[in-house]
Amino acid sequence: MHSFDVSTGVDGPGTRFVAFLAGCPLRCQYCHSPDTWFRRSGQIMDADELMTEIQRYERFIKVAHGGVTLSGGEALQQPDFVREIFTRCRERGLHTALDTSGYLGAKAPDELLDVTDLVLLDIKAGDEETYHRVTRTGSLEPTVSFAHRLADRGIPIWVRFVLVPGLTDTVENVDAVAAIAASISTVERVEVLPFHRLGAAKYAALNQPFPLAGTEAPTPALLDRVRAQFRAHGLEVY
């Protein structure tokens, strides 16, 4: 376990307890949490310990119509742990959300999906070449396959797309991501997330170069264009 926090409006509906699991197979150029890449950066925590933390906030998050989100890193590197936590949350009447790239979706057993109320799915690019350039290690197909598996099970999806000038912002790439999202029947919304450099200090602390140190945040005009492209595919955009 890397860390946990309470957030409102950014990690699923309502106010949520968000736990960040350590370890991720991807090395996204725009990642703002390089300190979650390796499991050794976290601490050992069993399900009882995490549920004790969740229960400290249980009344508050229920009143705020929230729930529990497991994120990372990549939460699906530890699918049995996710299943156990979500099972216990469901037993307590808490909404569950999985924040994932989908790259390890094949590792998610049906029993985990049975106790997942919502998936926050990061679609990082719309074609294999751009996806590999963004993630430096991954490929797109596992994410698309996982998305359709979720749809087949009727699980709601919120798609997330990080807009990075010079990396993910081409008309062709955005249209390809929008076409993928539009083909998935349970996608409820698309969140276009503007790139930022708030994680730069973490790279410096880790003695790692930040690949996008010279990249600016997208302009309002670029954000409007990209959101319009998603809307043109009939998608609800935030």
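**Entry 1: the largest pocket**

I began with the lining of the largest pocket, to which strand S7 gives the most, with 4 residues. I note at once that I am working from a predicted model. The volume of this largest pocket comes out at about 850 Å³. I then listed its lining, which consists of 35 residues, and I marked His32, Asp99, Asp122, Arg160 and Leu193 as those that lie nearest the centre of the pocket. The elements that give two or more residues to this lining are S4 (95–100), S6 (157–163) and S7 (187–194), each of them a strand. When I sorted the lining of the largest pocket by class, I found 12 nonpolar, 12 polar and 11 charged residues.

**Entry 2: the second largest pocket**

I looked next at the second largest pocket, in which about 170 Å³ of space lies. Its lining, as I wrote it down, is made by Met1, Leu21, Ala22, Arg39, Gly42, Gln43, Ile44, Met45, Gln78 and Phe81. By class, I counted 6 nonpolar and 3 polar residues there, together with 1 charged residue.

**Entry 3: helices H1 and H3**

For the helix packing I noted both an angle and a distance, because two packed helices are described by the angle between their axes and the distance between the axes. Helix H1, which covers residues 47–56, packs against helix H3, residues 79–91, at an angle of about 40 degrees, and their axes are 10 Å apart. H1 and H3 are therefore oblique to each other, and I recorded their crossing as right-handed. On the H1 side the contact is made by Ala47, Asp48, Leu50, Met51 and Ile54, while H3 brings Phe81, Glu84, Ile85, Arg88 and Cys89. By class, this contact of H1 with H3 has 7 nonpolar and 3 charged residues, and no polar ones. I also noticed that Phe81, listed here for H3, is among the residues that line the second largest pocket.

**Entry 4: helices H7 and H9**

I then turned to helix H7 (residues 171–182) and helix H9 (residues 220–232), which pack at an angle of about 35 degrees with their axes 9 Å apart. The crossing of H7 and H9 is right-handed. From H7, I listed Val171, Val174, Asp175, Val177 and Ala178, which meet Arg225, Val226, Gln229 and Phe230 in H9. The contact of H7 with H9 has, by class, 6 nonpolar, 1 polar and 2 charged residues.

**Entry 5: backbone details**

Last, I looked up two points in the backbone. Glycine 72 and glycine 73 are joined by a cis peptide bond, for which I wrote down an omega of about 15 degrees. I placed glycine 73 in the loop between strand S3 (67–71) and H3. The other entry is arginine 136, which has a positive phi of about 65 degrees although it is not a glycine. I found arginine 136 in the loop between helix H5 (128–135) and helix H6 (141–152).

Conventions
Residues are numbered from 1 along each chain as its sequence is written. This is a predicted model: local features need pLDDT of at least 70, side-chain atom pairs count only at pLDDT 80 or more; totals for chains, interfaces and linings use all residues. Side-chain values use heavy atoms; hydrogens and water are left out. On a 1 Å grid over the protein atoms alone, a cavity is a set of points where a 1.4 Å probe fits but cannot get out, and a pocket is an open set with protein on both sides within 12 Å along at least five of seven lines; lining residues have an atom within 4 Å of a point. Grid points are joined across faces, edges and corners, and a volume is the space filled by probe spheres set on the points. Ala, Val, Leu, Ile, Met, Phe, Trp, Tyr, Cys and Pro count as nonpolar, Asp, Glu, Lys and Arg as charged, and the others, Gly among them, as polar. Axes are lines fitted to C-alpha atoms, for helices over the stretch in contact, and angles run from 0 to 180 degrees between N-to-C directions. Angles under 35 degrees count as roughly parallel, over 145 as roughly antiparallel, 65 to 115 as roughly perpendicular and the rest as oblique. A crossing is left-handed if the near helix is turned anticlockwise from the far one by less than a right angle, and right-handed if clockwise. Contact means heavy atoms within 4.5 Å.
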